[in-house]
Each structure stands twice: as structure tokens, then as C-alpha cells.
Amino acid sequence: MLNAISRQPDSYVEFWSEYHLCTLTTLRPDGRPHVVPVGVTLDAAAGVARVITRKSSRKVANVLAADGLARVAVCQVDGGRWATLEGTAEVCTDAAAVEDAVTRYGQRYGRTPAPDPERVVILISIERAMGHTAPAAPRPAAA
């Protein structure tokens, strides 16, 4: 795992396996950010994050409009713990890749979405990983 994730503590990958909704930030063609809630799966060893979505979505349009240079970020937060992954995104329509992404989504989120012929995968090649994922220290008891 020689990538941006490898520089993070074990708690970082564990945090990405917990049930948390995330946000995906893409850039519109005019440069304004588009932020939407999504489910994200992380393949730490490969340095890739995946988002399943419909090919008619604005996030897909934003990625496609960037002509292979789509800079994106996914983020999740839980109290004081947070994690952000930044990288370059591409839209994948390959049936096997979509099926794999749906399976990974089901494993993380405990449910498998219904089949959808419009489904695609946004593959994010992770270039930067940051966050604070260590469990919070116990609070001292009130006196």
C-alpha cells in the first residue's frame, strides 16, 4: 500500500469502513463547487475510492466536462473524527467495474442498491489523504 493512504494510521482505513455518509465535491465547468451527499468505498491498497451514481447526474457531468482532469474530494465526518480524500476522477461504465463497486457499497453500507441500467462508477485515484480519525479521549467525569 505505497500511496497516500499508507501514510495514515490504521484508524484511517478503519474509519472509511464504518457506516458514514460522505460528501463528494466536484467542480462545475465555471469553477463553482458542487457538493452532494454520497456513499464512498475505499480500496486502500489500490489507492482508489469509488462512488456509484447515475450517468445523468450533475456530478458525472462535472467529471466528464473536465476532460480527464477532474479534481475531486470526498469527505466524511463523525464528531471530532474526519477524513478527506483528494484526487483525480474518471467515470467508468464497464459492467464488471460497476458490479464490483455495487458489491463494495453493499459491504460498507449493509444494503445493495436495486439494479439500475443508468448506474456508473466515479473512480477516484487518491493523491492526498488527510484527517483525524483517532477515537476521542474520554471526557473527565464532572466533579
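**Helix α3 in detail**

Guide: Helix α3 covers residues 95-109, and its 15 residues reach 21 Å from the first C-alpha to the last, close to the 21 Å expected at 1.5 Å a residue. The expected span is 1.5 Å times one less than the number of residues. Helices are DSSP runs of H or I with at least four residues, strands are runs of E with at least two, and both are numbered from the N terminus.

The model is predicted: local features need pLDDT of at least 70, side-chain atom pairs count only at pLDDT 80 or more, and totals for chains, interfaces and linings use all residues. Residues are numbered from 1 along each chain as its sequence is written, and side-chain values use heavy atoms, with hydrogens and water left out.

At the N-terminal end, Asp 94 caps α3, with a side-chain oxygen 3.2 Å from the backbone nitrogen of Ala 96. Just after the helix, Gly 110 has a positive phi of about 75 degrees.

The buried residues of α3 are Val 98, Ala 101, Val 102, Tyr 105, Gly 106, Arg 108 and Tyr 109. Seen down the helix axis, they fall within an arc of 165 degrees, so they line one face of α3. That arc is taken from the directions from the axis to the C-beta atoms. Ala 96, Glu 99 and Gln 107 are exposed residues on the face turned away from the buried side. Here buried means under 20% relative accessible area, exposed means over 50%, and partly exposed lies in between (1.4 Å probe, protein chains only).

Next come the rings. A search of the whole structure finds 2 aromatic pairs. Rings of Phe, Tyr and Trp (its six-membered ring) pair if their centres lie within 6.5 Å; planes under 30 degrees apart count as stacked, over 60 as edge-to-face and the rest as tilted. Tyr 19 and Tyr 109 form an edge-to-face pair, 5.1 Å centre to centre with 80 degrees between the planes. This pair links distant parts of the chain, 90 residues apart: Tyr 19 is in the loop between α1 (10-17) and β1 (22-27), and Tyr 109 is in α3. Tyr 19 is exposed at 52% relative accessibility, whereas Tyr 109 is buried at 7%.

The rings of Tyr 105 and Tyr 109 have centres 4.8 Å apart and planes at 35 degrees, so this pair is tilted. Tyr 105 and Tyr 109 are 4 residues apart in α3, about one helical turn. Tyr 105 is buried, at 14% relative accessibility.

Conventions
Polar contact = N/O pair within 3.5 Å; in protein donor to acceptor, adjacent residues only side chain to side chain.
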